Amino acid sequence: MVKDLGISLCGLHFANPVVPASGTFGFGLELADAFDLNLLGGISLKGTTREARYGNPTPRIAEACGGMLNAVGLQNPGIDALVEDKVPALRKIYRGVVIANISGFSVGEYAACCARADACEGIDVLEVNVSCPNVHNGGMAFGTDPQAAAAVTRAVREVSRKPVFVKLSPNVSDIVSIARACEDAGADGLTLVNTFLGMRIDIRARRPVLANGTGGYSGRAIFPVALRMVHQVAHACRIPVMGCGGVATAADVIEMMMAGASVVQVGSENVRNPYACPEIIAALPELMDKLGIDKLSDIIATV
Amino acid sequence: MEKRQLVISENVQVARDPLGRPTFRIVLSVPQGSSDSVGQEFREKSERSQTAPAARSLRMRAGQFVDIAIPGFFLRRPISVCDCSDDRLMLYYKVVGDGTQLLSTLPAGTQLDVLTGLGNGFRPDACREAALLAGGGLGVAPLYLLARELLALGREVTVVLGFNSAGEVVLEEAFRALGVRTLIATMDGSAGVKGFVTDAIAQAAPAYDYFYTCGPMPMMKALCAALPAPGQASLEERMGCGAGFCYGCSIRTRSGVARVCKDGPVFDKEDILW
Ligand SMILES: Cc1cc2nc3c(=O)[nH]c(=O)nc-3n(C[C@H](O)[C@H](O)[C@H](O)COP(=O)(O)OP(=O)(O)OC[C@H]3O[C@@H](n4cnc5c(N)ncnc54)[C@H](O)[C@@H]3O)c2cc1C
Ligand SMILES: Cc1cc2nc3c(=O)[nH]c(=O)nc-3n(C[C@H](O)[C@H](O)[C@H](O)COP(=O)(O)O)c2cc1C
Ligand code: FES
């Protein structure tokens with residue numbers, strides 16, 4: 001039985017719904033020798049800002065039950081390097097959907113970066129990260145207030161022709177109100193969720209494990225919370241959702257899709273297993289067969 | 001990098017430090033008659049190759065490391081390779097926290113998921129004639145494979161092993177069996193010279209044109225400052241992926257930002273900003 005894994009979204013074709021999440025797969029190129037990237041439905045590239053950034057001091061990574069904390073702090077080479085070097089190099093080897101993940105510290109910076117990314121031929125989707133918990137006066141500050149999120153969305157929408165997905169933070173009391181604000185401001189879709197703000201303390205040294213003090217919690221443990229948010233938002237909004245948070249298996253992908261995700265992003269699981277995405281994709285047809293699913297797109301938001 | 005399923009053939013305590021923390025030696029082997037490499041499976045699939053993947057060599061370069069998935073923990077644990085052959089890896093690890101504690105309880109026969117071939121490794125050819133190898137604690141482990149590589153290139157090797165006390169010493173006999181000049185330094189003087197590796201070096205005054213070091217950061221910093229010759233040091237940093245794509249382990253160096261797991265862990269002395 002031939003299974004149909006393809007997904008159509010905003011005029012784009014994903015060969016399958018599995019996409020490595022931003023920040024957990026570099027610019028794709030770092031893994032080009034590990035496996036054939038063309039197995040992937042899409043790739044969300046590492047978060048990029050206008051200026052190059054070193055990010056936070058180390059330690060930036062901590063172990064946590066069922067997951068990990070990171071406080072990388074948006075280390076990146078800047079938007080010029082993204083559109084001039086990274087994307088053209090990736091395009092030489094990768095034919096699938098390329099998603100640029102953009103961060104900023106002001107509405108103007110978001111718009112300027114998105115305009116550059118929009119003009120870059122190799123990029124298919126703009127993913128606007130208003131949810132990074134690891135930078136100060138930026139990132140998450142825009143994603144925890146409906147008006148600020150709408151302002152960024154509107155500004156980005158005005159400067160781009162490509163589909164704009166806004167990436168939402170789970171660190172809010174009402175994710176639906178933020179999602180609706182972004183939809184009303186012209187977003188073509190939403191990615192959710194980013195990491196949960198967390199912390200670990202080294203009890204022998206009596207100080208935080210992360211040099212930044214706090215970090216974003218992600219990985220298997222957050223799956224049920226992320227799933228609930230995807231379900232809420234997908235049922236409250238008309239625009240498509242890319243589901244993200246704790247996805248580690250083919251069964252998780254199917255569960256996320258039933259909850260409302262059209263595309264499913266895999267984040268921290270790549271960090272512990274660089275082959276997570278191709279393994280999940282390889283396992284999908286057999287699981288679909290067991291569940292009596294012929295066409296994966298049939299199950300989106302069916303629960 | 002490759003992801004491999006390896007079997008523990010030996011996992012034994014070989015030493016203990018003054019704080020009571022044990023050191024274990026673990027030997028990992030390719031399971032009999034299996035093709036265990038995932039990286040190869042996906043590469044071959046995409047190349048539409050029909051042939052079954054042959055068992056691949058486990059050989060790594062000195063200074064490279066493996067990243068071991070430990071059951072019950074999210075992140076892998078990076079450990080340097082001490083010695084290797086086509087089908088076996090030997091590592092030394094100290095029990096310092098929950099992950100290494102659990103690893104120390106796993107019996108022979110247990111299968112482990114391991115990323116192999118990580119990191120850049122030392123460059124033995126940077127040494128022209130005689131090399132000085134200085135290790136502190138389990139930093140001595142990667143120097144064993146390095147000593148073998150240097151000997152194969154016909155270089156002369158002196159190794160200085162630094163520990164807190166005699167009960168913590170590992171690999172001394174193994175280095176001597178290679179025929180390299182082997183010096184020991186312990187902080188409490190219970191074996192070899194009393195003091196730091198730098199004290200042992202000052203006393204023995206070996207001739208060398210290049211040095212290699214791995215151990216605690218303060219030791220390597222002192223060594224790099226004290227030794228006039230050029231050299232390389234293997235750095236340590238908290239890691240996420242261990243394979244260069246999460247940017248969790250970035251440090252600043254004189255030649256820019258570098259990932260310890262991919263651009264390192266070995267850096268030139270001149271490049272390191274302590
Ligand atoms: C390139 C490299 C090579 C190494 N080689 C060896 C070796 O040959 N033998 C050996 O005994 N140890 C080695 N280490 C250190 C070893 O990785 C840590 O001791 C081990 O990860 C501790 O795990 P834990 O769960 O017991 O400790 P915990 O403190 O409970 O670990 C919590 C988290 O912190 C990380 N962590 C803790 N200490 C270190 C450390 N010193 N360096 C990096 N990450 C750390 C762990 O990986 C884990 O993610 C190496 C580290 C690196 C980076
Ligand atoms: C190391 C690391 C770096 C990340 N960097 C970014 C980033 O630059 N931009 C972004 O939108 N999300 C970033 N994220 C968040 C992930 O894309 C994802 O939303 C989150 O980790 C939840 O999914 P997961 O549980 O599958 O990891 C990062 C996550 C990790 C672990
Ligand atoms: S640990 Fe991921 S880049 Fe080094």
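Start with ligand 1 and its oxygen. An oxygen atom of ligand 1 sits 2.8 Å from a polar backbone atom of Lys94(B). That is a polar contact, meaning a pair of N or O atoms within 3.5 Å. Bear in mind that this is a predicted model: local features need pLDDT of at least 70, side-chain atom pairs count only at pLDDT 80 or more, and totals for chains, interfaces and linings use all residues. Residues are numbered from 1 along each chain as its sequence is written, chains are lettered from A and ligands numbered from 1 in the order in which they are written, and side-chain values use heavy atoms, with hydrogens and water left out.

Back to ligand 1. A nitrogen atom of ligand 1 lies 2.8 Å from a backbone N or O atom of Tyr92(B). A polar side-chain atom of Glu236(B) is 2.7 Å from a nitrogen atom of ligand 1. On its own, ligand 1 exposes 830 Å², and the protein buries 84% of that. Those areas come from the Shrake-Rupley method with a 1.4 Å probe.

Now the shell. There are 19 residues around ligand 1, and Arg77(B), Pro78(B), Thr100(B), Glu236(B) and Arg238(B) come nearest. Being near takes a heavy atom within 4 Å. Which element gives the largest share of this shell? β4(B) does, with four residues. Strands here are DSSP E runs of at least two residues, and helices are H or I runs of at least four, numbered from the N terminus. Domain 1 (2-118) and domain 3 (235-274) of chain B each supply at least three residues to the shell. Those bounds come from an automatic or database domain assignment. By class, the shell around ligand 1 has nine nonpolar, four polar and six charged residues.

On to ligand 2. This one has 22 residues around it, with Ser22(A), Lys167(A), Gly219(A), Gly246(A) and Ser268(A) the closest. By class, the ligand 2 shell has six nonpolar, 15 polar and one charged residues. Gly counts as polar in this scheme.

The side chain of Asn129(A) has an N or O atom 3.1 Å from an oxygen atom of ligand 2. For Gly47(A), a backbone N or O atom lies 3.2 Å from a ligand 2 oxygen.

Key: A polar contact is a pair of N or O atoms within 3.5 Å; within protein, one must be able to donate a hydrogen and the other to accept it, and residues adjacent in sequence count only if both atoms are side-chain atoms.
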